[in-house]
Amino acid sequence: MRNGRAFWLFVGPFAIGLLVFVYVPIVWSLLLSFFDARNTVTPTSFVGLRNYADMLTDKPFLSSLGTFSVFAAFIVPLTFVLALALALLVNQISFMQAFFRSVFFLPTACSYVVASLVWKLSIFNGVRFGLANTVLAWFGAEPIAWTVSTSPPWYWLVLVTLRLWLQLGFYMILFIAGLQRIPHHLYEAAWIDGASRGWQTLRHITLPQLQTTSVAVVLLLLVAAYQAFDEFYNVLGTDRGYPPFARPPLIYLYYTALGSGGQDFGHGSAGAVILTLLIAGVTLLQGRVITR
Amino acid sequence: MKAVRYLALSVAAVVFLIPFYLVLRNGLASEQEITAPSWTFWPRSIRWENFALLFSDPAVPLVRSMVNSLVVAVLQTVGQLLLCGLAGYGLARIPYRYANVVLYLVVATLMIPAAVTFVPTFVVVSSLGWVSDLRGLVIPGLFSGFTTFLFRQYFLGFPRELEEAARIDGLGHWGTYWRIVVPNSRGFFAALGVIAFVTSWNQFLWPLVIAQDQDAWTVQVALSTFLTAQSINVSQLFLAAAVSIAPLVVVFVGMQRFLVRGVTETGIKG
């Protein structure tokens, strides 16, 4: 009994908050997803699975899942390889190591909004005085309308480089931490066996030893890409500009549930439930792989 | 080989610093210099008056939104460390019949990123009447299952001898936590605190959803509104961006050790 009181003294405040702000919303939204809930959160007309059927046959929603896949197909491998390369380079030097690590990590201080501002209005603004077009002009190339160009879809280059700049440092730090946990005697043993210092030790010692870190990084990247919102919203603009451009799932949910066309919580909730199930699947897989 | 390494790192470093350079250049230049057909590397005369214009412009509520962001970030950092620290300790160290049930409920939320449930959370928060309200901005973000879980894992590894010594001195759980455990865990609290502050300062989706009145905007919402608006003063916008990054650069320079530790803790165990 004494323990019970002490336990709730410590855990109680958090547990109440978790209940009210995490579990109640989830249950409420599960309920809303079975109702016609336009502009109301206390709906009365039960529609069964119709919201789900609507969402799963809704072209824009399905294409938003496709968008996520395209985005992930570029951003996940690129971030992985470049972050690992930076970590290996930084980890191998001694002079100015802290300086380089700080420089690559510094973008983490920027929000996606600030990065979108720089990318949209300064680097890739599509006019002659933009940085990217200035550089192109040095090579005699014509300016490109980066963020409004759909064929070829140059806006993908804008979105992918933006996210790369923002997140590379974070994952580089994770890889450096992983590299520093590798026991040094493994390398010494390999050198005695005649392994070269470059590719062979990387392939047979470094990469296998980094397995846990690598799996964590890939899954963190996947979940992060899935939740992409900020840069798509800020670089590509409002819902009016959307149809020709790709939009990720959260952007679509945002406009369905809270957009200017009225608040549709039924469809919005059904979409949220579908996304949650998909992400929970990925995370369960993560737990399975890491604890194995 | 060594030279190649340093060359590669230097080139990468320059590329990484370009966006920071652009923020400063555009923020301190005149509109004509930014839009000039040939690239000006640095404004010929730095327009310090841009600062005065920025802070006095009634259309850009920069001061108000910076204050909002600061209040939200500080409250969320302190609140998370307080609530999640206590809960993590209780789950790690106080034996109780239903402790496992609570732990499962916490761990289950790790599979659901908060961003994905913004619609349901908005439904609850709006029915509490917290739209465009400080409470709506701060409170839903306090109850991080992830932070609680990290605290629990950390406290599981806390040296028991220290706690037992405190017990012999007559301290209960509460006294042991505040007088022995917290003072000996400053580094861990600092690491998670810095991460919480940076995340809170930079978050965008939730403030965008909940801060609908201009008075409640955080600095990210304010910047975004002017970025997506039709007519904007480019150099003012960049200067505002520079001002919005400044507090975090201070955090980065002053607390990098904790920040790196925080990233490692939150990244790998996630």
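Visitor: Which backbone oxygen lies 2.9 Å from a polar atom of the side chain of Asn68(B)?

Guide: Happy to start there, and note that this is a predicted model. Asn68(B) sits in helix H4 (residues 62-93) of chain B. Leaving aside neighbours within four places in sequence, its contacts are Asp215(B), Ala216(B), Trp217(B) and Thr218(B). The backbone oxygen at 2.9 Å from a polar atom of the Asn68(B) side chain belongs to Trp217(B).

Visitor: Is Asn68(B) buried or exposed?

Guide: The relative accessible area of Asn68(B) is 11%. Buried means under 20%, so Asn68(B) counts as buried.

Visitor: What is the distance between the end C-alpha atoms of helix H8 (residues 145-156) of chain B?

Guide: Good one to check by hand. Helix H8 of chain B has twelve residues, and at 1.5 Å a residue it should span 16 Å. Its buried residues include Phe149(B), Leu150(B) and Phe151(B).

Visitor: What percentage of the area buried between chain A and chain B do carbon and sulfur atoms give?

Guide: The buried area is about 8,100 Å². Phe10(A), Phe14(A) and Phe21(A) supply 11% of what chain A buries against chain B, more than any other three residues. Of the area buried between the two chains, carbon and sulfur atoms give 81%.

Terms used:
Residues are numbered from 1 along each chain as its sequence is written. Chains are lettered from A and ligands numbered from 1 in the order in which they are written. This is a predicted model: local features need pLDDT of at least 70, side-chain atom pairs count only at pLDDT 80 or more; totals for chains, interfaces and linings use all residues. Side-chain values use heavy atoms; hydrogens and water are left out. Buried area is the accessible area (1.4 Å probe) that two parts lose on being put together, summed over both. Helices (H or I, at least four residues) and strands (E, at least two) are DSSP runs, numbered from the N terminus. The expected span of a helix is 1.5 Å times one less than its number of residues. Buried means under 20% relative accessible area, exposed over 50%, partly exposed in between (1.4 Å probe, protein chains only). A polar contact is a pair of N or O atoms within 3.5 Å; within protein, one must be able to donate a hydrogen and the other to accept it, and residues adjacent in sequence count only if both atoms are side-chain atoms. Contact means heavy atoms within 4.5 Å.
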